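Q: Please take a close look at one chain of this complex, the second one. Then set it against its partner.

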Amino acid sequence: MRKILSVLLITVVIVSLLGGCSSSNKKDSGNGPIKIAVAFPMTGDNAEYGKSFLLAAQIKVDEWNANGGVLGRNIELVNYDDKNSGEEAASIAQKIVSNPEIIGVLGHFSSGVSMVAAPTYEENKVIEISNTASHPDYSSIGKYIFRNNSVISSEFKVIEDIITNDLSLTKVGIVAIKTDWGTTAGAIAADMIKNNPGLELVAQEEVLEGSDDYSLAIAKLQEAGAEVVISVGMYSLIAPLAKQYKAVDPDIQVIGLSNAYAQQLIELGGEAVEGIIFPVSFYADSDEEAVKQFVTAYVEEFGSEPSALAAQAYDSIGILLEAVKQNGSLDKETLRDTLNSITYQGITGETKFDEIGDATKEYTKLIVKDGKFVRYNGKAAQ
Amino acid sequence: MILQQIFNGLSLGMAYALIAVGYSLVFGILRLVNFSHGAVYAFGAHAVIFFIGYHFGLIPAILLGVLLTGALGVLIDRVALYPLRKKKSPGISSLITTIGISYIIQNLLMMGFGSEKKPFPKLFDNRIVHILGARISTMQIIMFVTSVILLAILTFLIKGTKIGLAMRAVEQNEKNAGLMGINTNFIIAFTFFLGGISAAIASVLISGYYEILYPTMGFMVGLKAFAAAVLGGIGVLHGAIVGGLVIGVSEGLAATWFGSQYRDSVAFIILIIVLIVRPAGLFGRKGIEKV
């Protein structure tokens with residue numbers, strides 16, 4: 001009995017394996033919708049980001065579909081939930097590359113997770129565009145790996161400009177979240193300060209996200225005499241940090257990164273985030289028609305204003321579809337080359353990928369003033 | 001600087017202590033490490049913010065939220081742990097079940113409230129008091145006083161009331177307690193009710209202090225509180241408070257001497273050392289049952 005059962009089981013396993021082969025050999029039928037995968041955390045700690053990026057991507061796809069799609073075919077998003085975990089992302093990447101109808105991927109959320117999935121996409125010549133990864137090594141993983149987000153070092157150049165020219169401060173402290181990204185970005189910030197003779201790095205602290213008490217790090221920064229603090233983290237770090245820091249030193253100047261630009265920053269931080277300055281590549285209150293159109297559609301669905309990252313998700317889908325249109329076919333290799341050569345005018349400014357797949361971004365400086373994000377033009381202009 | 005960090009560590013430790021009391025309480029009566037405590041803690045803050053959203057006013061919202069969280073404790077016991085007890089499953093099944101429950105609660109909170117960090121209203125006007133050149137905020141003092149009061153009430157309840165006597169009887173021998181006419185299932189449910197209430201009180205105070213709440217807020221702090229409870233001798237209520245303070249202060253000192261990137265590992269390093277040197281914890285006595 002047992003023997004029969006085991007033979008039966010083995011047969012089932014072999015058959016199912018063969019079945020797997022045949023489905024992965026399936027070719028794109030050529031008349032169904034063109035599919036783009038969207039892989040972000042849809043559940044778990046960072047679900048808010050995944051949901052907002054999916055919506056932004058969907059708005060762009062809806063715009064194209066309303067104008068007849070691309071290459072005469074409709075566009076469809078396929079949604080995956082990577083839970084912001086490397087293990088999940090690895091298996092999702094396998095699923096995506098085994099589906100020949102998928103031409104590209106928008107994702108993943110954190111740099112660490114994107115870098116786990118990227119080699120799979122590279123090997124199978126599937127384009128990956130991340131609108132969030134800012135780890136310096138991400139885009140150099142391969143030819144098919146693109147980044148439509150600022151590289152962290154270019155953002156720090158703007159921050160350097162803010163500190164030295166706009167604020168004329170010298171003593172800088174850094175607080176970074178303890179993740180792969182946070183540690184790398186914190187080190188880049190430290191290098192930037194050390195290489196600038198006009199600036200002095202007084203303290204560099206790392207904090208764990210999820211422990212909401214930053215008083216220990218703050219006491220060290222304050223003791224070291226920091227005049228300005230660079231917060232390397234999302235709104236969820238900068239808002240409580242500013243609150244707790246201003247309780248002990250009301251004069252501290254806090255500087256954020258572009259990913260601090262989210263409505264929740266003001267909701268969470270209240271008065272304490274007044275005066276926070278950061279560089280952004282997208283400004284939701286801009287007068288440009290395209291921006292207004294996107295913001296209106298987004299607010300209608302989501303209830304709050306889009307972040308810079310959501311705007312980059314919207315533009316990433318746009319540039320990918322534009323590349324498909326100009327390429328005229330779905331051939332993987334030429335599509336990749338087209339994507340790398342075009343210049344795309346989107347809501348986050350002009351986007352063009354360089355050789356390693358990084359987009360260069362132009363920055364606007366924003367400051368929180370009276371509970372709103374407004375443009376910052378230096379201290380004198382305020 | 002050192003003094004300031006000790007004060008910071010003390011207020012941090014108070015937060016751990018408040019949560020650790022709940023771990024110790026349930027363990028003291030049921031010999032069960034209730035890993036859903038961190039999620040129940042997060043539920044407490046969300047329940048309060050939910051009632052505030054419906055314009056109940058701050059105080060009634062807190063009361064309702066705290067009671068609802070107590071009820072959640074009872075519900076967890078009824079739905080998940082009572083059937084296990086009835087089948088006489090080994091203790092490890094109950095423990096694993098509480099881990100599962102914590103994920104269910106966390107994810108339900110995410111579905112209901114979203115995963116983003118939300119603001120929590122300020123409970124008191126926070127003033128800074130200077131003691132020996134170090135700053136301490138009124139909120140920190142209030143947290144300290146509240147957890148001492150909570151500890152006193154719980155100790156009185158267990159040591160000085162009839163229901164406390166029944167709780168101790170259940171702890172010593174559940175079967176015989178039942179034979180003596182004690183409704184053991186009620187007593188166990190009541191213990192979970194108290195555990196839920198203490199978690200909710202802790203979450204209201206801590207969220208009010210940091211003015212922030214989110215579904216996974218109980219995870220890290222729950223683990224450290226567990227370390228605090230074990231450090232103080234799990235099952236011993238005043239041990240939980242001391243354990244919390246010790247861990248808080250050591251984090252403060254670790255941040256000062258080694259940098260704040262090492263602060264979070266300190267709680268667990270202490271936990272491991274204690275488990276090696278004194279497996280029963282600072283106040284726990286080996287072999288003698290304690291409440």
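A: First, a word on the annotations: UniProt positions are given in the numbering used here, feature names are shortened, and annotations may be inferred rather than shown by experiment. Residues are numbered from 1 along each chain as its sequence is written, while chains are lettered from A and ligands numbered from 1 in the order in which they are written. The model is predicted, with local features needing pLDDT of at least 70, side-chain atom pairs counting only at pLDDT 80 or more, and totals for chains, interfaces and linings using all residues.

Start with the record for chain B. An unreviewed UniProt entry lists "transmembrane region" for residues 6-26, 92-114, 134-158, 179-206 and 265-284 of chain B. Two of these spans can be checked against the model. Residues 92-114 of chain B are 96% helix and 0% strand. Their end C-alpha atoms are 32 Å apart. Residues 134-158 of chain B are 84% helix and 16% strand, with end C-alpha atoms 37 Å apart. Helices (H or I, at least four residues) and strands (E, at least two) are DSSP runs, numbered from the N terminus.

Along the sequence the order is α-α-α-α-β-β-α-α-α-α-α-α-α. The C-alpha atoms of chain B fill a box of roughly 60 × 50 × 35 Å along the principal axes. The radius of gyration of chain B is 19 Å, which agrees with the value near 19 Å for a compact globule of 291 residues. That radius is taken over C-alpha atoms, and the globule rule is 2.2 Å times the number of residues to the power 0.38.

Next, packing. Of the 291 residues in chain B, 49% are buried. A buried residue has 20 or more other C-beta atoms within 10 Å of its own; 12 or fewer makes it exposed, anything in between partly exposed, with C-beta atoms placed from the backbone. Among contacts in chain B between residues at least 6 apart in sequence, 76% join residues at least 24 apart. A contact means that C-beta atoms, placed from the backbone, lie within 7 Å.

Confidence comes next. pLDDT is the predictor's confidence in each residue, from 0 to 100. Chain B has a mean pLDDT of 87, and 98% of its residues reach 70 or more. Helix α2 (residues 37-53) of chain B has the highest mean, 94. Strand β2 (residues 134-137) of chain B has the lowest, 78. For the complex, the predictor gives an ipTM of 0.80 and a pTM of 0.81.

Then the partner. Chain A averages a pLDDT of 88, with 92% of the residues scoring at least 70. Residues 19-26 of chain A stay under 50. There the model has two contacts beyond four places in sequence.

Finally, the interface. It takes 28 residues from chain A and 29 residues from chain B. On the chain A side, α2 (47-66), β7 (200-207), α7 (215-223), α8 (235-248) and α9 (263-269) each give two or more residues. The largest share, six residues, comes from α7(A). By class, this side of chain A has nine nonpolar, eight polar and eleven charged residues. Here Ala, Val, Leu, Ile, Met, Phe, Trp, Tyr, Cys and Pro count as nonpolar, Asp, Glu, Lys and Arg as charged, and the others, Gly among them, as polar.
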